[in-house]
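User: I would like to learn how to read the features of a structure model, one at a time. Could we begin with pockets?

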Amino acid sequence: MTPGEAQRQITEALAQVGFRHLEDRGLVYVGAVAMDTRPIRLEFSIPCLAFSRIPRVRLTHRAEDLPGIWAHIEDEDFLCFAAPGTLILSHHDPGGSVLLALEWVHATLRRILGPDGRRDVAAEFPQHWRSNTPIHVALPPDTPEGMASILMLPRQGAKAMSVLTRGLPSGGHDGGAMGQLSRPVAAHAWIGRTDHELNLGPPGVPQNLRQFLDWVEGIDQGLVERLSAAAARHFFKEDVHLFVLGPNGCIGVQLLLPRLWQQAASTKQFWSSRIVQGAERIEVIRLRGVRMDVEHAVTRNLPGRPSLSARLIVLVGCGSIGSHLARLLIQCGAGFGGGRLVLLDMDTLATGNLGRHWLGAAHIGSGKAAALASELERFAPGVAVQGIGEDAMDRLGLLSRADLLIDATGEEGLSRALNRELVERRPTSPDAIFVWLVGQGAAAQALYVASNAEGRGCLDCCFPFGSRPAVLRENATLDAVPAACGEADFMPYGVAAPAMAAGLAAAMALEWAGGGVQPSFRTLRVDHSATNSVPDTDVMARTDCPTCGAAAP
């Protein structure tokens with residue numbers, strides 16, 4: 001279909017519902033959507049005829065059609081009617097696609113004007129503060145009321161970043177997900193807390209201190225006096241920043257004191273009187289809080305699901321699978337919230353490892369466990385991670401104290417030895433996940449072994465000694481490539497296979513945190529030409545298993 005034909009179909013389709021083409025502005029149309037109580041006038045623009053981006057919709061008469069504060073209306077009165085990736089439009093049917101987009105617009109406007117509209121404002125509150133000045137809040141959501149500091153962090157290719165934080169007893173400042181920050185204090189602030197949801201109604205966002213205090217009073221009457229007192233008592237001849245932290249966000253204001261006041265404020269008493277009595281003359285810059293605390297970094301992508309925080313997790317093996325897996329575990333919360341991630345590996349990083357290891361060339365010759373721990377601390381400052389360059393069988397006491405043990409060595413002898421220790425120590429042993437690659441990276445497999453048997457099998461139940469993995473086809477090779485004298489033979493495979501194995505183990509670890517892993521044995525095929533389809537299944541204890549046969553039903 002030519003661009004001209006696509007435009008013709010779009011114009012005809014929109015004309016049927018009353019939209020007029022503004023030819024001098026390209027693919028821009030104006031019209032109205034009829035609602036129950038009023039028409040809402042819109043501008044409908046199409047940025048791409050291939051619909052790689054959805055149309056943009058702007059309310060052309062916002063002040064008349066939708067006065068006040070409403071959900072899903074962004075800066076410059078654009079309407080957010082579809083999240084990225086939720087509305088897929090076809091360039092094969094441009095007319096039908098624009099009409100489908102208008103249906104979504106109509107549905108969004110119905111929601112805005114319905115009973116859910118006010119709740120949506122609270123849910124997305126900080127964006128309705130109408131602020132172009134974000135400030136990153138490094139403090140946890142339960143941070144107490146009181147004084148705080150603002151730091152300015154230089155950023156590459158962007159403006160300096162403002163951070164709302166507090167000092168640490170050990171020195172420096174709390175950087176939330178960025179760890180400890182060592183920067184000079186740029187300004188001071190006062191944080192007030194409320195248990196009430198932040199919301200907005202008429203007359204909208206405040207322009208001066210009086211309006212800000214009136215807004216606060218509508219949220220929490222008790223907080224108004226504390227904010228006024230803080231502005232008057234805790235600041236003198238300096239910028240005043242006041243923040244309100246609620247269950248659904250953090251916002252603030254910077255007071256723009258008249259220059260004459262600042263020059264005349266020779267005493268704290270004069271300063272305080274001006275703050276209290278002249279609030280309507282003090283303009284404000286609105287500040288929008290952006291969460292940067294550890295909890296948000298860990299849980300944002302796990303809504304309603306437990307993370308790996310507050311657990312002792314021991315990862316045995318920091319090679320091609322383990323190095324990628326360690327990072328994924330950190331991103332799932334391991335090493336945060338009072339928890340700890342311990343890495344065990346005796347090996348050092350060699351040049352030949354670089355093609356599939358997470359660590360880079362700077363760590364060649366370093367112990368894998370120590371180097372990986374160091375890199376993870378740079379990746380996620382503040383994480384509690386420890387690298388130990390010892391044999392796992394020499395640290396059985398540590399392993400027995402873990403909440404979760406993950407074996408990513410892929411070394412059958414060590415894996416079976418660890419499996420035996422776990423089974424013999426039941427029910428006081430940790431739960432465990434074994435993850436490995438089959439053949440030359442042809443498939444990734446993982447097995448969950450619970451500390452409480454209840455008829456569930458172990459690693460030896462899954463793979464009797466000497467058996468060929470069922471996932472491998474007969475023509476697939478299991479042969480390692482010979483190495484130079486003094487070096488171990490190795491299985492050649494690229495980085496995709498260990499990365500996929502790491503993802504499989506991380507997913508099972510999150511399921512474990514949620515209370516159960518089913519099915520317990522899983523396979524991911526990497527090379528379909530070398531593998532058979534193997535169903536995921538729960539491995540049950542076998543009566544002939546030399547390790548846990550006594551536990552079989």
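Analyst: A pocket is an open set of grid points with protein on both sides within 12 Å along at least five of seven lines, and its volume is the space filled by probe spheres set on those points. The model here is predicted. Its second largest pocket has a volume of about 670 Å³.

User: Which elements give two or more residues to the lining of the second largest pocket?

Analyst: They are α4 (116–123), β11, β12 (249–256) and β13 (283–291). With three residues, β13 gives the most. The lining has 26 residues in total, and those nearest the centre of the pocket are P126, N248, G249, R291 and H296.

User: How many residues of each class are in the lining of the second largest pocket?

Analyst: Twelve are nonpolar, eight polar and six charged.

User: Which strands pair with β13, and in what sense?

Analyst: Pairing is read from bridges: two strands pair if at least two bridges are found between them. Strand β5 (residues 134–137) pairs with β13 in the parallel sense, over four bridges. Within that pairing, V137 stands opposite R291, and R291 is also among the residues nearest the centre of the second largest pocket. β12 pairs with β13 in the antiparallel sense over six bridges. There, L255 has V284 of β13 as its bridge partner.

User: Now a cavity. What lines the largest cavity?

Analyst: A cavity differs from a pocket in that the probe fits but cannot get out. The structure holds two cavities of 30 Å³ or more, and about 70 Å³ of space lies in the largest. Lining the largest cavity are L396, L399, S400, L405, L418, E421, L422, R425 and P430. At least two of the lining residues come from each of α12 (396–401) and α13 (412–424). By class, six residues of the lining are nonpolar, one is polar and two are charged.

User: How many residues of β2 are buried?

Analyst: Strand β2 (residues 28–34) is mostly covered, with five of its seven residues buried.

User: How do I apply that to a single residue? Is H241 buried or exposed?

Analyst: Compare the relative accessibility with the cut-off: under 20% is buried. H241 counts as buried because its relative accessibility is 7%. This histidine has its place in strand β11 (residues 240–246). A polar atom of the H241 side chain lies 3.3 Å from the backbone oxygen of H188. Setting aside residues up to four places away in sequence, H241 touches I150, A187, H188, A189, W190, F235, V253, Q254 and L287.

User: What about V342: buried or exposed?

Analyst: V342 is buried, because its relative accessible area is 0%. This valine lies in strand β15 (residues 340–344). Beyond its neighbours within four places in sequence, V342 is in contact with L312, I313, V314, L315, Q386, I388 and L398.

User: How far apart are V342 and G387, in sequence and in space?

Analyst: They are 45 residues apart in sequence and 6.0 Å apart in space, taken from C-alpha to C-alpha.

Terms used. Residues numbered from 1 in each chain as written. Predicted model: local features only at pLDDT ≥ 70, side-chain atom pairs only at ≥ 80, totals over all residues. Heavy atoms only, no water. 1 Å grid on protein atoms, 1.4 Å probe; cavity = no way out; pocket = protein on both sides within 12 Å on 5 of 7 lines; lining within 4 Å. Nonpolar A, V, L, I, M, F, W, Y, C, P; charged D, E, K, R; others polar. Buried < 20%, exposed > 50% of the residue type's maximum accessible area, 1.4 Å probe, protein only. Polar contact = N/O pair within 3.5 Å; in protein donor to acceptor, adjacent residues only side chain to side chain. Contact = heavy atoms within 4.5 Å.
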